[in-house]
Amino acid sequence: MSIAEIYEKFKTCTGVSTDTRKIDEGVMFFALKGAQFNANEFAREALEKGAKYVVIDEAQYATDPACILVNDVLYTLQKLANYHRQQFSIPLIGLTGSNGKTTSKELVAAVLSKKYKTYYTKGNLNNHIGVPLTILALDDSYEIAVIEMGANHQGEIRDLCNICEPTHGFITNVGKAHLEGFGGVEGVKKGKGELYDFLVKSGATVFLNAKNEALVGMAQSRKFNQTVEYLKDNKIVLVKDSPIVVFSTQEPNRDPHTYTTNLPGWYNFENIAAALAIGNFFGVSVKDASEAVSAYNPDNNRSQIIQKGTNSILLDAYNANPSSMSAAIQNFINLKTDKGKIVILGDMLELGDEAPAEHKAIGELVAKGDFALVVLAGKLMASALEPLPKAYYFPDKFSLHNWLLDKQIQNSFILIKGSRGMGLESTLQCFA
Ligand SMILES: CC(=O)N[C@H]1[C@@H](OP(=O)(O)OP(=O)(O)OC[C@H]2O[C@@H](n3ccc(=O)[nH]c3=O)[C@H](O)[C@@H]2O)O[C@H](CO)[C@@H](O)[C@@H]1O[C@H](C)C(=O)N[C@@H](C)C(=O)N[C@H](CCC(=O)N[C@@H](CCC[C@@H](N)C(=O)O)C(=O)O)C(=O)O
Ligand SMILES: Nc1ncnc2c1ncn2[C@@H]1O[C@H](COP(=O)(O)OP(=O)(O)OP(=O)(O)O)[C@@H](O)[C@H]1O
Ligand SMILES: C[C@@H](N)C(=O)N[C@H](C)C(=O)O
């Protein structure tokens with residue numbers, strides 16, 4: 001069956017599902033294969049639970065006229081998403097980067113929502129499955145879309161662009177993330193640059209952080225139809241970045257106005273600047289845009305400041321890589337507080353051969369800070385111990401938690417950061 005024919009059936013469905021444990025009446029079910037299950041085996045169950053059609057790629061499970069047999073379910077999901085995307089002529093802003101994608105996406109969406117009905121990626125659904133699912137839930141009530149794209153190897157951003165066909169785009173930054181799959185920082189530039197390549201090819205508009213040398217360099221070697229630079233002039237000024245970003249804007253016919261945010265660090269100022277520039281481009285007033293970023297309060301284990309008894313906690317436990325870890329630690333070193341400062345750091349994953357050196361470099365950076373306690377957790381973090389002879393080290397989270405529960409830390413400002421695989425948000429429970 002052709003994609004156009006499958007699309008006709010999709011249009012009669014209430015949506016899409018990939019999980020029989022969470023299925024709504026009337027959906028089109030895509031039977032994906034994972035590490036544990038082959039969802040072809042759930043075709044019948046999906047129909048019994050209310051799916052209108054099931055897309056499968058193993059003939060033996062095609063036991064009902066509602067089964068659509070294809071060569072490859074994942075490929076079909078991606079092609080269908082692209083077909084669906086092509087039905088819309090709204091601006092679609094695609095973004096990627098090593099760090100700050102989700103925060104930037106949320107900020108851009110908050111700004112654009114002041115003027116438009118804005119569709120945007122939920123949570124972190126940014127990969128070869130998440131982007132198609134995101135696109136397939138777009139409907140014609142929306143006026144603009146913001147789509148996050150993530151990758152851990154070459155070619156992935158190219159493929160995601162071919163699915164969502166951005167008309168506008170930006171890269172938050174290029175840094176030391178997923179080095180294993182990208183093959184070093186040059187590989188990251190190449191991989192993230194696939195968004196720029198698409199924007200060149202399609203004559204789209206790029207938003208460019210004029211203060212980011214790596215991005216400016218990548219942009220110089222490409223000829224965009226339109227480039228909108230930000231952080232080039234003093235339209236937005238960083239007043240302070242610690243413990244949270246305060247910025248001021250020059251608004252037409254008004255005195256400069258200062259806004260307080262809920263986000264820590266210069267790196268979030270850059271994310272805010274991108275959101276303001278995009279808002280400005282699409283005609284959102286500086287006042288509305290600034291109010292939107294000022295009101296944004298993360299609740300996703302990223303850049304969250306949480307009070308727990310007498311302790312203040314900067315919870316940044318969604319993910320970690322050398323760039324975001326250094327940024328968070330440097331910001332924490334600069335933070336002024338009467339409380340004792342403590343860092344609790346977990347492994348940074350997906351760094352391949354560079355993992356020992358990168359963990360050691362983090363240890364060297366931490367050694368420059370004036371911390372009351374340095375606590376390291378995870379096998380890879382052992383490499384950070386050499387420059388930190390006084391650090392407390394735990395090979396796993398469980399021994400870390402036992403120690404913290406015993407220690408009853410009070411009146412401290414604590415940074416918690418580690419990779420997703422470490423799940424360090426659960427360390428919050430160790431503080432009363
Ligand atoms: C295929 C799938 O949905 N996988 C999810 C599943 O993982 P698993 O491999 O264990 O699949 P299973 O074997 O359990 O199941 C296979 C399918 O069967 C369905 N099923 C199962 C049982 C049943 O009773 N009924 C069923 O129908 C089941 O639903 C499956 O469809 O479960 C995991 C745990 O819940 C999920 O994590 C997993 O989701 C995968 C990873 C996924 O890709 N989800 C996307 C929707 C997504 O966007 N996820 C994002 C993560 C994005 C991310 O990590 N981005 C990176 C960069 C991207 C790198 C890229 N190359 C990559 O590898 O992803 C970044 O740095 O930003 C998210 O969830 O946040
Ligand atoms: N512009 C930036 N430069 C460097 N580090 C940043 C930047 N923005 C955010 N970070 C750091 O990266 C962390 C993760 O932010 P965020 O989740 O927004 O990034 P992400 O790229 O979406 O990652 P993921 O796709 O894995 O969720 C932040 O909590 C912060 O430590
Ligand atoms: C989960 C994925 N988005 C990610 O950020 N991975 C890195 C390696 C992490 O878990 O920190």
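This is a predicted model: local features need pLDDT of at least 70, side-chain atom pairs count only at pLDDT 80 or more; totals for chains, interfaces and linings use all residues.
1. The shell. There are 19 residues around ligand 2. Those that come nearest are Thr102, Thr103, Arg302, Asp316 and Asn319. Here a residue belongs to the surroundings if one of its heavy atoms lies within 4 Å of the ligand.

2. Its make-up. Sorted by class, the shell around ligand 2 holds 12 polar residues. A further 5 are charged and 2 are nonpolar.

3. Polar contacts. Arg302 places a side-chain N or O atom 2.2 Å from an oxygen atom of ligand 2. For Asn124, a polar side-chain atom and a ligand 2 oxygen lie 3.1 Å apart. For Lys417, the separation between a side-chain N or O atom and an oxygen of ligand 2 is 3.2 Å.

4. Cover. On its own, ligand 2 has 630 Å² of accessible area. The protein covers 95% of that area.

5. Helices. Two helices each supply at least two residues of the shell around ligand 2: H4 (101-112) and H10 (266-281). H4 gives the most, with 3 residues.

6. Domains. Domain 2 (88-295) contributes at least three residues to the shell around ligand 2. Domain 3 (304-430) also contributes at least three.

7. The annotated span. An unreviewed UniProt entry carries the annotation "domain: Mur ligase C-terminal" for residues 302-420. In the model, this span is 31% helix and 27% strand. Its end C-alpha atoms lie 11 Å apart.

Note on methods
Residues are numbered from 1 along each chain as its sequence is written. Chains are lettered from A and ligands numbered from 1 in the order in which they are written. Side-chain values use heavy atoms; hydrogens and water are left out. A polar contact is a pair of N or O atoms within 3.5 Å; within protein, one must be able to donate a hydrogen and the other to accept it, and residues adjacent in sequence count only if both atoms are side-chain atoms. Accessible areas come from the Shrake-Rupley method with a 1.4 Å probe; for residues, only the protein chains shown count as cover. Helices (H or I, at least four residues) and strands (E, at least two) are DSSP runs, numbered from the N terminus. Ala, Val, Leu, Ile, Met, Phe, Trp, Tyr, Cys and Pro count as nonpolar, Asp, Glu, Lys and Arg as charged, and the others, Gly among them, as polar. Domain bounds come from an automatic or database domain assignment. UniProt positions are given in the numbering used here, feature names are shortened, and annotations may be inferred rather than shown by experiment.
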